[in-house]
Every structure is written in structure tokens, then in C-alpha cells.
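Here is a short briefing to keep beside you as you look over the model. Take a moment with the sequence and the structure, and then walk through the points below.

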Amino acid sequence: MNRRTKIAAVAAALLMTAGAAGSAVASGDGAGGGGRGERDGAALTGSAKLYRPAGDDITMSFDAHLAKDAWPSEATGTFSFSHYKGEFAAAADVKVDCLATGGKVAVVTGVITRGEGLLAPAVGKRVGISVHDTGKGRDRLGYSWMASNNPLKDEVPKCTSGAPFERTKEGTGDLRVLPWQFEYPTE
């Protein structure tokens, strides 16, 4: 394949990718407006594993959305996290109660609806996670229990978490932050 043919093939692939992405947003898929044909006000989606050289299997998954004209405390969706290593097991499903984004950073909180292993007694507790979407497949995360290392111990206000200090494991997923585009009311 000559250089000109390669350039044409790459351009065609890019156009098809852009068209598919535009169709997904317009149809309400991914970061769209839930089938309304409009963009979410903000979103945090995707999943990834945390980088842990000691072999811990820690996975975080997000499907959190904020309607275009809503406040962060009106967010909907879910997120989950799990941590397994040898006999250690902890996992939780969380119902979102707040989502705030700025640029490519998001903070999401929610109340645990299902806990497994060490998190079984955590049902009803609020937890928070922060995400920095680097766009390079090596995102960063933080969580509200970073100081105590115990999600059962801390009281967490809505939209509160620790700084995104952890790295995701390369090649394990991609987290996507759709920034909130707040429009100030005009008089």
C-alpha cells in the first residue's frame, strides 16, 4: 500500500469513528442524554483496575450522569468497586447521589446499596471517589476513605472525596469524564 492510499484509509477510518461517536451521543448512548437526543450536563463512565504491583485486584466502574439543567446533587446512576487479594474480599454497589465535574476531573458520591465481604456492614454508608481522566488510558483515582483506609469509618458529605492519587493499570480500561458546562443565570 503506497503512502497516499494509507493516508486515505486512515482518513476514512477517522471519519467513520467520528460519525459513530456522533451517532452514539445523538442517540443517547454513552454520554448522551439518555435517549433524549441531547448531551448530559456531566457524566462519569467507564471502568478500570488500579495499579497495584503487589497483585491486588481492585476494579472501579462508573455509570453516573447529570442532566443538562440539574445541580450536582440531582445526579443519577451507579458505581461499584471491588478489592480482592488472597482471602481478602470487599465489594460494593453504590447508588449515585452527587456528581461534580470540572474539566477532566470528577467527584462522585453515593450510598452503598450492596456490600460483599468486608463491606457487607457498609450498606447505607456514603462513599466518594474522584477521577482524573487523563485521556491516555492511565487515569487517576482517589477515594473518601484514603486517610482512614476504612470506608465504614468516615462520614462523607455529598460530592466529597480524596484527591485522585492512585493510577489505573495500563490497558485495563478507560474512565471518561464529561465536564459540566454550568451556565450562569442572566438577569
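Five aromatic pairs are found in this structure, which is a predicted model. One of them joins Tyr143 and Trp145 in a stacked arrangement, with 4.8 Å from centre to centre and 25 degrees between the planes.

**Aromatic rings**
- Tyr143 and Trp145 are both buried.
- These two residues also belong to a cluster, in which ring pairs link Phe81, Tyr143, Trp145 and Phe165.

**Charges over Tyr51**
- Arg138 places its charged end over the ring of Tyr51, at 5.3 Å from the ring centre.
- Arg167 has its charged end over the ring of Tyr51 as well, here at 4.6 Å from the centre.

- Look for Asp56 in the loop that runs between β1 (42-49) and β2 (57-66).
- Is Asp56 buried or exposed? Asp56 counts as buried because its relative accessible area is 17%, and the cut-off for buried is under 20%.
- The side chain of Asp56 makes a polar contact of 2.7 Å with the side chain of His83.
- Which residues does Asp56 touch, once neighbours within four places in sequence are left aside? Asp56 is then in contact with His83, Tyr84 and Lys85.

Conventions. Residues numbered from 1 in each chain as written. Predicted model: local features only at pLDDT ≥ 70, side-chain atom pairs only at ≥ 80, totals over all residues. Heavy atoms only, no water. Phe/Tyr/Trp six-rings, centres within 6.5 Å; stacked < 30°, edge-to-face > 60°. Buried < 20%, exposed > 50% of the residue type's maximum accessible area, 1.4 Å probe, protein only. Lys NZ or Arg CZ within 6 Å of the ring centre and 35° of its normal. Helix = DSSP H or I, 4+ residues; strand = E, 2+ residues; numbered from the N terminus. Polar contact = N/O pair within 3.5 Å; in protein donor to acceptor, adjacent residues only side chain to side chain. Contact = heavy atoms within 4.5 Å.
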